[in-house]
Amino acid sequence: MFFHKQELQYKATPDKPDAVYARKLQEVLGGQYGEITVALQYSFQAWNAHIPGKYRDLLFGIGAEEFGHVEMLATMIAQLLEKAPLGITEDAVQSDPAVAAVLGGTDMQHAIVAGAGARPVDSMGNPWQGSYVTASGNLLADFTANANAEMQGRLQVARLYHMTDDHGIRDMLSFLLARDTMHQNQWLAAARELQESKMEELPVPSNFPLKKEERSVAYQYLNFSDGKAASEGSWASGPTPDGKGEFTYHDGPTTSAPMPPATHPDARFYGTTEIPNTVEKMAGTLQDKLNRE
């Protein structure tokens, strides 16, 4: 159940309108690593969780917080668009507000579609996509994905911080940066706790039998590049993070297999093959008469 309380988690008021910055801010609202993504990602992970307790509660709690961040950003964007000029002011282009908006770097759909409001899109106007959400049902995989989402999101907010000198915007971003700091550490701590408790381990999924994989290459770094420096990394020698093997390094692939012969699909797909067209046409006609797939 959701219940909306008409207050914000933190202040979201700019010093002045700025339609161009409103467009930039759309990235951390409706982009791949924006607040809409993490709000729904954590929520779907909670809904898909298979065990009750602290991990499910964690997902529900942070998912709800992220919906609040969606609201903060949408509120900020609406205020940035309020009373903002449509575009640059030179008379030559101001006579056409649409041209002025494009040249000025604003998002015309903020005005035309949303009526000076936020939209569920990124900074280029691409619609938010459900495919951004990761919710696998495996908590170690999901918590690791969550840490990455928070890292990417904090990176983008940090970049946006330096793209404005508006104190009100920076104040809100400083809060979001701090919460991203917490969430990065939180997901990494949760992932570590899962492993320490042996509830989940590396490699994910840890309950898939290792004997069913080709273990000879399970910890072998295969260098498919003409660069040699990768051999100096800890991934090329020494113990593996899962504690089940030792890394080795090989310069190039270790296996080879013959390429299978070219495929010959049903003649009614009309692919070009070495078989004469008349023969394939006859074959297709015969298959149709026999009702064969």
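Helix 4 packs against helix 8 (residues 139-161) at an angle of about 25°, and the two axes lie 13 Å apart. The structure is a predicted model, in which local features need pLDDT of at least 70 and side-chain atom pairs count only at pLDDT 80 or more, while totals for chains, interfaces and linings use all residues. Residues are numbered from 1 along each chain as its sequence is written, and side-chain values use heavy atoms, with hydrogens and water left out.

Helices (H or I, at least four residues) and strands (E, at least two) are DSSP runs, numbered from the N terminus. Axes are lines fitted to C-alpha atoms, for helices over the stretch in contact, and angles run from 0 to 180 degrees between N-to-C directions. Angles under 35 degrees count as roughly parallel, over 145 as roughly antiparallel, 65 to 115 as roughly perpendicular and the rest as oblique. Helix 4 and helix 8 are therefore roughly parallel to each other. Their crossing is left-handed; the term applies if the near helix is turned anticlockwise from the far one by less than a right angle, and a crossing is right-handed if the turn is clockwise. On the side of helix 4 the contact (heavy atoms within 4.5 Å) is made by Tyr-55, Leu-59 and Glu-66, and on the side of helix 8 by Leu-139, Phe-143, Asn-146 and Glu-150. This contact has four nonpolar, one polar and two charged residues. Here Ala, Val, Leu, Ile, Met, Phe, Trp, Tyr, Cys and Pro count as nonpolar, Asp, Glu, Lys and Arg as charged, and the others, Gly among them, as polar.

Helix 4 also packs against helix 9 (167-196). The axes of helix 4 and helix 9 come within 12 Å and cross at roughly 165°, which makes helix 4 roughly antiparallel to helix 9. The crossing of helix 4 and helix 9 is left-handed. Residues of helix 4 in this contact include Tyr-55, Leu-59, Glu-66 and Leu-73, and those of helix 9 include Met-172, Leu-176, His-183 and Trp-187. By class, the contact of helix 4 with helix 9 has 15 nonpolar, four polar and five charged residues.

Helix 8 and helix 9 pack at about 160°, with 9 Å between their axes. That makes helix 8 roughly antiparallel to helix 9. Helix 8, too, passes helix 9 in a left-handed crossing. The contact of helix 8 with helix 9 is made up of 16 nonpolar, six polar and four charged residues.

Empty space was examined next. Rolling a probe the size of a water molecule over the atoms shows where empty space is left. On a 1 Å grid over the protein atoms alone, a cavity is a set of points where a 1.4 Å probe fits but cannot get out, and a pocket is an open set with protein on both sides within 12 Å along at least five of seven lines; lining residues have an atom within 4 Å of a point. Grid points are joined across faces, edges and corners, and a volume is the space filled by probe spheres set on the points.

The structure holds one cavity of 30 Å³ or more. The volume of the largest cavity is about 100 Å³. Among the residues that line the largest cavity are Val-28, Tyr-33, Val-38, Leu-73, Glu-150, Leu-176 and Asp-180. Helix 3, helix 8 and helix 9 each give two or more residues to this lining, and helix 8 provides the largest share, four residues. The lining of the largest cavity consists of seven nonpolar, two polar and three charged residues.

The largest pocket contains about 370 Å³ of space. It is lined by 15 residues, of which Phe-2, Phe-3, Ala-64, Phe-67 and Gly-68 are the closest to its centre. Helix 3 (35-47) and helix 4 (54-81) are the elements that give two or more residues to the lining of the largest pocket. Helix 4 gives the largest share, seven residues. By class, the lining of the largest pocket has seven nonpolar, four polar and four charged residues.

Some features of the backbone remain. Leu-202 and Pro-203 are joined by a cis peptide bond with omega of about -10°, and Pro-203 lies in the loop between helix 9 and strand 1 (220-222). The peptide bond from Val-204 to Pro-205 is also cis, with omega near -5°; Pro-205 is placed in the loop between helix 9 and strand 1. Ala-116, a residue other than glycine, has a positive phi, near 65°, and lies in the loop between helix 7 (108-112) and helix 8.
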